[in-house]
Amino acid sequence: MHNFTFYNPVKILFGKGQISQLSNLVSANKKILLAYGGGSIKSNGVYQQVMSNLSNAEVIEFGGIEANPDYDTLMKAVQICKEQKIDLILSVGGGSIIDGCKFIALAAHYDGDPWDILTQKDLVCHNAIDIGVVQTLPATGSEMNCGSVISRRKIGAKQAFGSPLVFPKFAILDPETTYSLPIRQLKNGIIDPFIHVTEQYITTDLNTPIQDGIAETVLKTLISVSHDIVSGTTDYDTRASWMWAATNALNGYIGIGVDHDWATHMIGHELTAAYGLDHGQSLAIIAPQLWRHQFKTKMDKLAKLGRNVWGLENQDSEIVATQAIILTEEFFHSIGIQTKLSDFKVKVDPEAITENLFRYSNGNIGEHKNIDAQAVKEILLMAQ
Ligand code: NZQ
Ligand code: ZN
């Protein structure tokens with residue numbers, strides 16, 4: 001196990017009715033920027049619940065943050081925060097809204113060009129506006145981590161950043177807010193956390209039973225609830241297990257002291273920027289081919305996936321690891337998740353994708369930093 005420092009200060013309020021806690025979480029007389037997306041919170045009753053618990057605060061609304069939040073939209077909110085001296089940004093929605101709020105919170109206190117926040121990997125920021133979250137889509141884990149991914153459509157870029165300053169102060173997770181999700185987002189909400197786990201688990205076997213055990217449990221939970229979730233179940237316990245699994249996939253616990261990959265995410269972000277694929281869709285396309293491409297270094301953990309998650313019993317690790325990839329793909333297909341670019345009628349341009357991917361990154365990707373431009377092109381062609 002690698003040495004590690006672990007820090008996660010996010011206060012979680014989980015369960016039905018917890019939005020009513022907002023009035024205790026937000027001090028009276030505070031100025032709040034209420035950030036949301038295209039309007040789902042107004043049709044499913046979440047907006048009304050939030051507003052009725054903010055009666056003591058001054059609320060300024062900022063709606064219209066798009067899925068894969070756009071830099072130019074967010075900069076309008078940055079301006080409002082500066083002019084209005086906002087005390088707290090309340091994100092009500094999915095990962096895109098939370099990520100957008102993390103960027104707004106930092107950019108409002110940053111004196112230089114805010115694009116630096118997304119492109120200068122060693123940039124240290126010193127101040128941010130506080131963030132609170134009401135989560136409505138279990139998928140990204142953004143509600144309990146300090147990462148964020150922002151798109152800048154004007155230049156075809158999608159970039160990630162992280163800063164401990166943007167850990168939400170609190171996150172309210174009420175599984176009942178997820179009942180209104182359409183099937184496309186239900187599928188995204190299974191695949192995204194699944195791949196968050198595999199990016200931290202299908203790496204190197206470092207003899208980390210706690211991390212691996214939790215990772216396997218998160219995967220098994222996602223698998224066991226997946227068919228009911230994509231069928232739109234309103235069984236509360238199933239929704240609750242799903243929501244908490246998604247948070248645990250990327251709140252730091254399973255990533256402590258282990259190698260991290262994230263190459264699937266980095267390539268996936270480029271597919272979203274270039275072809276508009278949903279984040280979850282892009283991951284399902286890349287991950288299985290990346291595992292095949294990197295089979296030698298990932299075989300031990302793929303075999304562990306085969307034995308501990310898929311219940312395979314063969315003694316030969318190579319056979320079990322190969323079978324584990326096939327079973328995982330079959331699982332994705334069984335809940336209607338497609339795994340090829342051609343399924344989305346995308347004809348990939350590997351040259352353009354690779355050029356964009358390495359535009360701001362300072363080197364090769366993957367847990368061994370052995371995935372270079374040539375490897376990315378090969379993986380993209382395998383995924384075609
Ligand atoms: O905009 P509204 O009208 O709210 O509709 C949204 C949006 O269209 C809808 N939705 C959300 N909750 C709903 C709902 N519709 C009905 N009922 C509800 N309860 O769902 C659509 C997608 O929402 P979005 O927030 O974009 O989805 P998601 O949570 O999957 O977030 C994706 C973004 O997060 C980034 C991705 O790259 C992408 O930009 N990620 C962030 C990470 C992080 N910060 O740690 C890690 C991830 O790997 C990921 O990269
Ligand atoms: Zn993701």
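Reader: How should I read the surface position of Ile210: is this residue buried or exposed?

Author: Ile210 is exposed, with a relative accessible area of 61%. The terms follow cut-offs: buried is under 20% relative accessible area, exposed is over 50%, and partly exposed lies in between, with a 1.4 Å probe and protein chains only. Please note that this is a predicted model, in which local features need pLDDT of at least 70, side-chain atom pairs count only at pLDDT 80 or more, and totals for chains, interfaces and linings use all residues, while side-chain values use heavy atoms, leaving out hydrogens and water. Residues are numbered from 1 along each chain as its sequence is written, and chains are lettered from A and ligands numbered from 1 in the order in which they are written.

Reader: In which helix is Ile210 found?

Author: Helices (H or I, at least four residues) and strands (E, at least two) are DSSP runs, numbered from the N terminus. Ile210 belongs to helix α8, residues 209-230. From Ile210 to Asp343 there are 133 residues in sequence and 37 Å in space, C-alpha to C-alpha.

Reader: Which residues come nearest to ligand 1?

Author: A residue is near a molecule if one of its heavy atoms lies within 4 Å of it. There are 33 residues around ligand 1, and Gly38, Ser40, Gly95, Ser96 and His196 come nearest. By class, this shell holds 8 nonpolar, 22 polar and 3 charged residues. Here Ala, Val, Leu, Ile, Met, Phe, Trp, Tyr, Cys and Pro count as nonpolar, Asp, Glu, Lys and Arg as charged, and the others, Gly among them, as polar. Domain 1 (11-177) and domain 2 (182-383) each give at least three residues to the shell; the bounds come from an automatic or database domain assignment.

Reader: Which side chains have a polar atom 3.0 Å from an oxygen atom of ligand 1?

Author: A polar contact is a pair of N or O atoms within 3.5 Å. Asn145 has a polar side-chain atom 3.0 Å from an oxygen atom of ligand 1. For an N or O atom in the side chain of His265, the distance to a ligand 1 oxygen is 2.7 Å. His279 also places a polar side-chain atom 3.0 Å from an oxygen atom of the ligand. Of the 960 Å² of accessible area that ligand 1 has on its own, the protein covers 88% (Shrake-Rupley method, 1.4 Å probe). Two or more shell residues come from each of α5 (95-107), β6 (147-152), α7 (183-201) and α10 (263-275).

Reader: Which protein atoms are the donors of the zinc ion, ligand 2?

Author: Donors are N, O and S atoms within 2.8 Å of the metal (3.2 Å for Na, K and Ca); water is not among the atoms, so sites may look incomplete. The zinc ion has the protein donors Asp192 (OD), His196 (NE2), His265 (NE2) and His279 (NE2), at 2.0 to 2.1 Å. Along the chain, their spacing is D-x3-H-x68-H-x13-H. His265 lies in helix α10 and His279 in helix α11 (residues 279-293), so this pair ties together parts that are 14 residues apart in sequence. Both His265 and His279 are buried.

Technical notes. Polar contact = N/O pair within 3.5 Å; in protein donor to acceptor, adjacent residues only side chain to side chain.
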